[in-house]
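Subject: Structure handover

Hi,

Please load it before reading on.

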Amino acid sequence: MYFLIWIKKHALFCIGAVLLLILLAITFAGPYLPFVDRELSKITYILNEDKKPVIPPYPPSEDYLFGTDKSGRDLLSLIILGAKETILLVACITVLRYALAIPLSFLAHKKWMGTHLPLKWLNGLLSYIPTIIIVMLLAMLPPFLLTEYRPLFLLLIIGLAEMPRAAEMIKLEFDQISSKEYIYGGIAAGASPSRLFRTYYLPFLFSKLLVYMVTDLGKVMFLLGQLGFVGIFISQDLVQSMGGDWQLVNNSISWPMMLMKAFEDIRGPIWIPFFPAFAMTCAILTFNIIAQGLKSFFTKKVRYI
């Protein structure tokens, strides 16, 4: 009875947790399901009822629930196998963003060497420019485009693109917590800045940071989807074609990469961009619900939030 009351009280958190568990199950256990083609076999053609060869892509059917791509690979298998790479990339970018934003926000809160001034300026400047434009401009610069470490640089660029926003947001939390009496107690006890950060600030910021990070998982997924539409993603190689020009070649099965030719596919095999976009929408919805559920959970549990 108590368990049912607890679920009713935290319904949003429970719904988000169930959706997150489903997403993680698809990500890590999905590749071992019997209907998943782990080899991603390509099909050159199949014979129709009139014994005439028909080349892929094939629309959704009993044999291919989500249809196939233009190489004849099963789209359902592609989405399940690509989930792990997609989720890990989103998580890495978000963790990188906050690993840089948290210490920077603390230094800005303490106004260490005027850190708060460039942070405020950067946050104000970048708030006027869409993040996708910033990432596109930097990703296409020759030093980042031609280097063999391009995936690492792109991870860093995407992580840094919204880092000032996250740092400014956390700084405001530091400013708010600084007015609490226990902070004055810590300062009066002679706690060093590092001890103040670890012992007096961080435990009380944990819930807010968790909510911010989960919310940003959805934002990063949305940004990767936008970059997929314009043909920019992390796992790409720059190769020279037979005609002498240079092209970015996809070597990934992550969800955004399946949107690369969405503008062409939308007039024909629309199922190719539709199902990856649907999977990304479900993931973004899951992250948003779990973030709102966590916020509601902590708000009811801790009064200072």
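The notes below go from the overall fold to single residues.

First, the ground rules. This is a predicted model: local features need pLDDT of at least 70, side-chain atom pairs count only at pLDDT 80 or more, and totals for chains, interfaces and linings use all residues. Residues are numbered from 1 along each chain as its sequence is written, and side-chain values use heavy atoms, with hydrogens and water left out.

Overall picture

The protein has 12 helices and 4 strands. Both are DSSP runs numbered from the N terminus: helices are H or I with at least four residues, strands are E with at least two. The C-alpha trace spans about 85 × 60 × 30 Å along its principal axes. Of the 305 residues, 41% count as buried. Buried means under 20% relative accessible area, exposed means over 50%, and partly exposed is in between (1.4 Å probe, protein chains only). Contact means heavy atoms within 4.5 Å. Among contacts with a separation of 6 or more, 69% come from residues 24 or more positions apart.

Cores

A nonpolar core here is a set of buried Ala, Val, Leu, Ile, Met, Phe, Trp, Tyr and Cys residues joined through side-chain atoms within 4.5 Å. The largest one has 44 residues. I158, M221, L224, L227, I234 and W255 have the most contacts inside it. Helices α3 (75–109), α5 (131–139), α7 (150–161), α10 (193–229) and α12 each supply at least two residues of this core. The biggest giver is α3, with 11 residues.

Take L224 as a way in. Leaving out residues up to four places away in sequence, L224 touches V90, I93, I158, F233, P256 and M280. There is also a second, separate core of 21 residues, which includes L119, A166, F174 and F197.

Helix packing

Axes are lines fitted to C-alpha atoms, for helices over the stretch in contact, and angles run from 0 to 180 degrees between N-to-C directions. Angles under 35 degrees count as roughly parallel, over 145 as roughly antiparallel, 65 to 115 as roughly perpendicular and the rest as oblique. A crossing is left-handed if the near helix is turned anticlockwise from the far one by less than a right angle, and right-handed if clockwise. For residue classes, Ala, Val, Leu, Ile, Met, Phe, Trp, Tyr, Cys and Pro count as nonpolar, Asp, Glu, Lys and Arg as charged, and the others, Gly among them, as polar.

- α2 (residues 11–28) with α3: the angle is about 110 degrees and the axes are 7 Å apart. The two are therefore roughly perpendicular. Their crossing is left-handed. L23, I26, T27 and F28 of α2 meet I80, A83, K84 and I87 of α3. By class, this contact of α2 with α3 has 6 nonpolar, 1 polar and 1 charged residues.
- α3 with α8 (residues 163–177): the axes come within 8 Å and cross at roughly 45 degrees. The pair is therefore oblique. This crossing is right-handed. The contact residues include L100, L104 and F106 of α3 and A166, I170 and F174 of α8. By class, the contact of α3 with α8 has 13 nonpolar, 2 polar and 4 charged residues.

Two residues in α12

T286 lies in α12 (residues 271–301). T286 is buried, because its relative accessible area is 6%. Apart from residues up to four places away in sequence, T286 touches G16, L19 and L20.

P276 counts as buried, at 0% relative accessibility. Its contacts, again leaving out residues up to four places away in sequence, are I79, W255, M258, L259 and W271. The C-alpha atoms of P276 and M258 are separated by 6.5 Å, with the two residues 18 apart along the chain.

Backbone points to check

The peptide bond from P56 to P57 is cis, with omega near 15 degrees. P57 lies in the loop between β2 (53–54) and α3.

Positive phi turns up at L40, near 50 degrees, in a residue other than glycine. L40 sits in the loop between α2 and β1 (46–47). With 15% relative accessibility, L40 counts as buried.

M113 also has a positive phi, near 50 degrees, and is a residue other than glycine. M113 lies in the loop between α3 and α4 (116–126). M113 is exposed, with a relative accessible area of 70%.

Best wishes
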